[in-house]
Amino acid sequence: MKIVEAKFLMSNSEYSKCPKPDKPEYAFIGRSNVGKSSLINSLVQKKDLAKTSQVPGKTQLINHFSINQQWYLVDLPGYGYAKVSKTEREKFEKMIMDYLSLRSNLVCTFVLIDVRHEPQKIDLAFMETLGEKGIPFYIVFTKADKLSPTAVGKNVEAYIEKMQETWDEVPQYFVSSSVNGTGRNDILAEIQKLNQDFQV
Ligand code: GTP
Ligand code: MG
């Protein structure tokens with residue numbers, strides 16, 4: 001898919017105030033600092049569309065981007081950021097879960113996992129919650145440029161094996177790097193396919 005236009009629309013703390021749900025929408029979620037905003041920028045090939053940071057906790061709202069005037073990309077705050085208070089964290093979690101469960105035009109979400117790390121409880125638990133709520137998702141293993149291809153393959157395989165312990169069918173996954181564009185075309189091709197099936 002060719003991206004001819006990518007523009008920021010608005011930031012919200014409530015799903016009900018998001019843009020009119022009349023176009024297919026895809027949200028990026030995962031731990032703080034996993035590379036959500038960077039992946040969005042890499043998909044649309046714009047450096048600073050979504051704000052990125054070396055410091056975790058950069059994205060704090062539900063951010064809508066309009067792509068080709070045909071679909072929405074959504075950048076969400078990360079979960080599991082230790083440096084916020086419990087009250088604050090619970091507020092973020094509610095905002096994210098309300099959005100994911102109630103947004104009617106959300107086709108699916110992409111759960112990002114840093115390919116360098118062993119399976120973390122927080123991610124596995126998050127994906128289980130999505131499963132329980134019937135929210136469809138893909139997995140994206142990020143930062144593949146930081147490991148050798150062999151190490152990437154080994155880690156992905158280990159992760160999938162871990163998921164097979166609890167999932168009958170492990171969701172489809174992608175391997176990505178926002179530095180060298182790995183995974184970009186595959187993710188966009190999947191979105192294009194899903195866009196064609198979208199009905200309001
Ligand atoms: P929050 O908004 O804080 O939840 O973080 P985020 O998940 O949006 O992460 P962000 O895209 O801001 O990236 C965090 C850091 O990781 C930045 O320093 C990025 O440059 C770096 N980063 C993101 N993706 C990649 C990647 O594919 N490869 C490498 N090498 N670094 C990456
Ligand atoms: Mg971010």
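## Exercises on a predicted fold

The side chains of Lys86 and Glu90 meet in a salt bridge, with N to O at 3.3 Å. A salt bridge here is a side-chain nitrogen of Lys or Arg within 4 Å of a carboxyl oxygen of Asp or Glu.

This is a predicted model: local features need pLDDT of at least 70, side-chain atom pairs count only at pLDDT 80 or more, and totals for chains, interfaces and linings use all residues. Residues are numbered from 1 along each chain as its sequence is written, chains are lettered from A and ligands numbered from 1 in the order written, and side-chain values use heavy atoms, with hydrogens and water left out.

### Exercise 1. A pair within one helix

Find where Lys86 and Glu90 lie, then classify the accessibility of Lys86 and of Glu90.

**Solution.** 
- Step 1: Helices are DSSP runs of H or I with at least four residues, strands are runs of E with at least two, and both are numbered from the N terminus.
- Step 2: Recall the geometry. An α-helix has 3.6 residues a turn, so residues three or four places apart point the same way.
- Step 3: Buried means under 20% relative accessible area, exposed over 50%, and partly exposed in between, with a 1.4 Å probe and protein chains only.
- Step 4: Apply them. Lys86 counts as exposed because its relative accessibility is 58%. Glu90, at 42%, counts as partly exposed.

### Exercise 2. Other salt bridges

How many salt bridges does the structure hold? Work through the pair Glu25 and Arg103, then Asp114 and Arg116.

**Solution.** 
- Step 1: Count. The structure holds 8 salt bridges.
- Step 2: Take Glu25 and Arg103. Their side chains meet at 2.8 Å, N to O. This pair links distant parts of the chain, 78 residues apart: Glu25 is in strand β2 (residues 25–30), Arg103 in the loop between α2 and β5 (106–114).
- Step 3: Check burial. Glu25 has 0% relative accessibility, so Glu25 counts as buried. Arg103 is at 7% and also counts as buried.
- Step 4: Take Asp114 and Arg116. Their closest N and O atoms are 2.7 Å apart. Asp114 is buried at 9%, whereas Arg116 is partly exposed at 31%.

### Exercise 3. Two helices in contact

At what angle do helix α2 and helix α3 pack, and is the crossing right-handed or left-handed?

**Solution.** 
- Step 1: Read the geometry. Helix α2 (residues 86–102) and helix α3 (residues 121–133) pack at about 35 degrees, with axes 11 Å apart. Axes are lines fitted to C-alpha atoms, for helices over the stretch in contact; angles run from 0 to 180 degrees between N-to-C directions.
- Step 2: Assign the hand. The crossing is right-handed.
- Step 3: List the partners. Met97, Leu100 and Ser101 in α2 meet Phe126, Thr129, Leu130 and Lys133 in α3. Contact means heavy atoms within 4.5 Å.
- Step 4: Sort them. The contact residues divide into 4 nonpolar, 2 polar and 1 charged.

### Exercise 4. Around helix α1

Describe the loop between β2 and α1 at Ser32 and Asn33, then the cover of helix α1.

**Solution.** 
- Step 1: Start with Ser32, in this loop. Ser32 counts as buried because its relative accessibility is 17%. Leaving aside neighbours within four places in sequence, Ser32 contacts Pro56, Gly57, Gly78, Tyr79 and Tyr81.
- Step 2: Move to Asn33, in the loop between β2 and α1. Asn33 is partly exposed, at 33%. Its phi is positive, about 80 degrees, although Asn33 is not a glycine.
- Step 3: Helix α1 (residues 36–44) is mostly covered, with 8 of its 9 residues buried. Among them are Leu39, Ile40, Leu43 and Val44.

### Exercise 5. The whole chain

How many helices and strands are there in the protein, and what radius of gyration does the protein have?

**Solution.** 
- Step 1: Count. The protein has 5 helices and 7 strands. Their pattern along the sequence is β-β-α-β-β-α-β-α-β-α-β-α.
- Step 2: Compare sizes. A compact globule of 200 residues would have a radius of gyration near 16 Å, and the protein's 16 Å agrees.
- Step 3: The C-alpha trace spans about 40 × 40 × 35 Å along its principal axes.
- Step 4: Buried residues make up 46% of the 200 residues.

Technical notes:
A crossing is left-handed if the near helix is turned anticlockwise from the far one by less than a right angle, and right-handed if clockwise. Ala, Val, Leu, Ile, Met, Phe, Trp, Tyr, Cys and Pro count as nonpolar, Asp, Glu, Lys and Arg as charged, and the others, Gly among them, as polar. The radius of gyration is taken over C-alpha atoms; the globule rule is 2.2 Å times the number of residues to the power 0.38.
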